[in-house]
Amino acid sequence: MASGPGTPATVALVAAGIPFTAHTYAHDPATTNYGLEAATALGLDPDRVFKTLLAEADGRLVVGIVPVTGMLDLKSLAAAVGAKRAQMAEPAVAERKTGYVVGGISPLGQKVALPTVLDETASLWDTIFVSGGRRGFDIELAPADLLRLTGGQLADIAR
């Protein structure tokens, strides 16, 4: 277990006794595709690196975690959480509710526990990479551990 930079995500993982590996890289401030930047910098298959997105589903915030190579299918996310429709949350709302900045939003250690859905392709990997709570910092962990800590579920939510 490597703790990496102290973020709410690493604090939550350590407190839960969940094994993970911290990976840091130099973030280029001009980059806006944070997930692909992480995959390239860490020399990873981009399908193994996941981005954390917030959406509003029937008026409540939910977290969708999908590979950086794809997009969040809002209709599928809504169905997964029993909602009729979903739309992307405003970045300012996402930052305020999670306590993280866009490009560094981790599914772990958020200010408020939100319903979380992880794309089913995560199950193809022994470990996946998600933001550690800062730009330039990813956490590697088993998909089952991510689901256990977030209380999340697997579903087909990427396109």
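**Strand pairing in the predicted model**

Serine 131 stands opposite aspartate 138 in β7, where strands are DSSP runs of E of at least two residues, helices are DSSP runs of H or I of at least four residues, and both are numbered from the N terminus. The model is predicted, with local features requiring pLDDT of at least 70 and side-chain atom pairs counting only at pLDDT 80 or more, while totals for chains, interfaces and linings use all residues. Residues are numbered from 1 along each chain as its sequence is written, and side-chain values use heavy atoms, with hydrogens and water left out.

Strand β6 is joined by five bridges to β7 (residues 137-141), the two running antiparallel; strands are taken to pair if DSSP finds at least two bridges between them. An open sheet of three strands, in the order β1-β7-β6, is formed with antiparallel pairing. Because β1 (21-24) and β6 (128-134) each have a single partner strand, they stand at the edges, and one side of each is left without a neighbour in the sheet. The twist averages 35° from one strand to the next, angles running from 0 to 180 degrees between N-to-C directions of axes fitted to C-alpha atoms, for helices over the stretch in contact (heavy atoms within 4.5 Å). Helix α1 (residues 8-16) lies across β6 and β7, at about 25° to β7.

Strand β5 (residues 116-119) is covered on both faces, with Thr116 and Leu118 buried on one side and Val117 and Asp119 buried on the other, buried meaning under 20% relative accessible area with a 1.4 Å probe and protein chains only. Strand β5 pairs in the parallel sense over three bridges with β3 (residues 60-67), valine 63 standing opposite threonine 116.

Notes
Buried means under 20% relative accessible area, exposed over 50%, partly exposed in between (1.4 Å probe, protein chains only).
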